[in-house]
Every structure is written in C-alpha cells, then in structure tokens.
Amino acid sequence: MYKTYIRNNQRVYFFTVLLVITLMTMGLLIKNPLDGELGIGCAIQFIFVVIISISLLLYPKYGTHGFRTIIIIEAFIYFYNIFFLYPETWSNFIFLCFIPAVAIMFFDSKLFYFSLVINAILIAFTFGFIALIDQGDLYIYINQDLVGNGFNYLASQVLIYFIYYLTNMRIKKQELYYEQVKEAERLKTAGQLAAAVAHEIRNPVTVVKGFLQLYERDPQFNDAVKSQFTLMIDELNTAESVVSQFLSIAKPEKNLNIELVNLKVVLQSVTDLLNSYGLLNNNNIELDITEDCYIAANNIELKQLLINVIKNAIEASDIGDSVIVKGGKKKDFVEIQVIDHGRGMSEKEVECLGTPFYSLKSKGTGLGMMICFNIAAKYKGTIDFQSSINEGTTVTICFPSENNAGK
Ligand code: ADP
Ligand code: MG
C-alpha cells in the first residue's frame, strides 16, 4: 500500500518534471524573438534549462536540503535571466513573483523563507534598475505603474504565503496524526506483551505464596524460619502488585463503577499509606487540604494515580526533604498539587513522561506515569509538570469538580 503510494508519487513527480522541461525547452526554441542573435543571456538560458532539468531529475535520489537550495538558486537565475532577456514579455514578471512557490513544492519551510527574502531583495533591485537606469525604456509596463506593480508583487507574496501556511498546517496535522497512530500502535504492542508476561508470572506466584502461607502456620517450623516465610510472602505481594499494574494497562477493567469521591478522604488515606514509604529516607508528606471537593471517578483508580505521583515525588526527593500535597477547588476544577524539591527534570525528560518503560531509576518500571495519564484522561482530567533540574517538581492534577449536593 505504502509502496504503491510512493511509486505513484514518483510517477507524478517525473511526469510533472518532464512537462516543465518540455515547456522550458519550447520557450527557448519556439519563436524566440532573439533567434539568430545568440548572446550571453541566451547561452545562460540554454545552460540553465539543461542544469535545472538534470537537477530536477536527480532530486528524488538526493533529496537533501542542500540540493533543494541549489535548485531554488538555479530557478532564481533562470527566471531573472529570462526576465532581463525578454523585456517585452510582461508575463515573466509574474514568474519572478512566484519563484518562492517552488520551495512549497519541496515542503521546505526554511527554503521558503529564504526564497521570500532573496526575492524581495532582487525585486527591489530590479525596480530600482527600471526606475533609475532603464527609465521605462525597455520595461514600459512596469515603469508606467511602478507603485501598482509593487503592490501586485506584495499581493502575490501574501498569496504565496497563504498557500504555504495552509499546506504547512495540513502537513503538521498529518504528522501529528501519524505520530498518534504510531504511539497507539506501540502502546498496544507493549500492552499485549505485558499481559502475556504478567499472566504467566501471576499463576506460579500465587501457588508459591499459597504454600508459604501454609508453612507459615505449620508448627514443625520454628519462629526464625517462619519470619523468613513472612518476608518471602511480603516480597511476593510486591511482585503481585507489579503484575497487576501491568495487567491494568493491558486490560483495563471495564466495569469499574464511577462514584463521587471526596478528594480529602482519598488524599488522607493515600498519604497515610505512603508515609511509611517516605520514612525509609526520612521524607515527610505534608498534606494541605481543608475543604471537601468531589470528583466523579473510580475510587481505586484515583488512588492509584495519586500513589504513583506522590511515590515519584518521594523517590525524587533528597533525604529528609518533605513532599507537599495540596488539594482544593479552583473555579470548576478540583486541583491537586504534588510538590517536591528533589532532582527535577529537564524539558526533554518531562516530554518523555508517560512513554511506556521510560524510567531513570535502577528499579523503576517506567509504567507509573503512563497509568496516571490513562486514568486522568479517562475522567477528563489533566496532569501538568513544572520542573527544573535540582530544584524540584510541581505536578498539577486537575479534574472537573462535581457538586456533592447534586447527587
Ligand atoms: P518509575 O517511577 O517506575 O521510574 P514513572 O513512569 O513513575 O516510572 O516515572 C518515569 C520517570 O519520570 C522516573 O524514572 C523519573 O526519572 C521521572 N520522574 C517522575 N516524577 C518525577 C519527579 N517528581 N521528579 C523527578 N523525576 C520524576
Ligand atoms: Mg513511578
């Protein structure tokens, strides 16, 4: 499908180029008013018909920016040459105005602006030459209405810019769409892989945990051994939670009920849960929420989101630093801020957040933020990051606010 598209594209390209070459050659050969008196201008025209033809034919092979610049410069020389060669052919002036359009054909923004500027300079010189030196001798039609022609030129540039703008917008939109499709495809593959692996791991873990729980109660083992069993069970519990994290991405549970969640209650329970985690490195969580705010979401998923974000903040913090968690109402939104003064992130790192398996931690899964973005999107929420390296990060989570009295 894609290959046919390219092949068709190439066919159209070569067909157009051949047409252009034929037209250029015809212009050179048929009823040339300079027939017979081959001057330097004619020679230049002939040479450039050949050079441009070769360049256009070779372009698909070496489609670089440099090559495109060369073609544009050739076009400038060619068109300005015929403008000065055939003063009585007024249509050549229109060609001059439309040289920057060649850059649009190549989808090259830099080149487009470059040719706009170069053309403006050259046109100014040309008009200067006609007004001061030529004085309407050869270019009567321009000299008679210099201002009018100037406006015509400007109008043509505006028109070209408009065409460029529209084309560019369309391309950008298409690129974005293509990126999104690619990203969705990647997520799907990652999700399927995760589901397969997670599924295979979950069963043996459950079996081993079951036996360990039995041994834990078995009187033939002494207490020292039993405490080791407890440790093993704890570790397996962690493994299980990682596995269910995987599975929640791969197969999001469909029938989670949406309820009216009181953010204050949720934040309290989440911070209580994470306080002991923070104590590992002496990180304290300061909770600051006074009013009751309500969000329409699934309680467990909302907790999962907050746990992931606050856990990241703790992990980024230096020993002894506090993480601040604020909640409150802002107009029609409920806003939660998680503020840390830890390692921070560069702009590039912030951009990578949410990409599956993107993690800078030795034991990170790189799935936490992806889960968070998924959950936020599900309940029409947003997550924003403000971060600077070594100064810390503020994560702002917004959800549409729900009115408790309404339900
Ligand atoms: P994990 O925590 O398993 O690494 P996440 O998706 O939760 O995966 O986070 C991805 C990465 O984003 C982290 O490895 C970390 O580098 C970066 N990150 C997330 N939150 C913060 C934060 N508050 N401060 C600094 N870096 C962060
Ligand atoms: Mg994390």
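A crossing is right-handed if the near helix is turned clockwise from the far one by less than a right angle, and left-handed if anticlockwise.

## Model and conventions

This is a predicted model: local features need pLDDT of at least 70, side-chain atom pairs count only at pLDDT 80 or more, and totals for chains, interfaces and linings use all residues. Residues are numbered from 1 along each chain as its sequence is written, chains are lettered from A and ligands numbered from 1 in written order, and side-chain values use heavy atoms, without hydrogens and water.

Helices (H or I, at least four residues) and strands (E, at least two) are DSSP runs, numbered from the N terminus.

## H10 against H11

H10 spans residues 263-279 and H11 residues 299-316. H10 passes H11 in a right-handed crossing. The two axes come within 10 Å and cross at roughly 40°. Axes are lines fitted to C-alpha atoms, for helices over the stretch in contact, and angles run from 0 to 180 degrees between N-to-C directions. H10 and H11 are therefore oblique to each other. Angles under 35 degrees count as roughly parallel, over 145 as roughly antiparallel, 65 to 115 as roughly perpendicular and the rest as oblique.

Contact (heavy atoms within 4.5 Å) involves Leu263, Val266, Leu273 and Tyr277 of H10, among others, and residues of H11 including Leu302, Leu306, Ile310 and Ile314. By class, this contact has 12 nonpolar, three polar and three charged residues. Ala, Val, Leu, Ile, Met, Phe, Trp, Tyr, Cys and Pro count as nonpolar, Asp, Glu, Lys and Arg as charged, and the others, Gly among them, as polar.

## H3 against H6

H3 covers residues 65-85 and H6 residues 109-134. Their axes come within 11 Å and cross at roughly 20°. H3 and H6 are therefore roughly parallel to each other. The crossing is right-handed.

H3 contributes residues including Ile72, Phe76 and Phe83; among those it meets in H6 are Phe114, Ile118 and Leu122. The contact of H3 with H6 has 12 nonpolar, five polar and two charged residues.

## Ligand 1

Ligand 1 is surrounded by 19 residues (a heavy atom within 4 Å). The closest are Asn312, Ser359, Lys361, Thr365 and Met369.

A polar side-chain atom of Asn312 sits 2.8 Å from an oxygen atom of ligand 1. Lys361 also places a polar side-chain atom 2.8 Å from a ligand oxygen atom.

## The loop at Asn257

Asn257 lies in the loop between helix H9 (223-250) and strand S1 (259-262). Leaving aside neighbours within four places in sequence, Asn257 is in contact with Ala297 and Asn298.

Notes. Polar contact = N/O pair within 3.5 Å; in protein donor to acceptor, adjacent residues only side chain to side chain.
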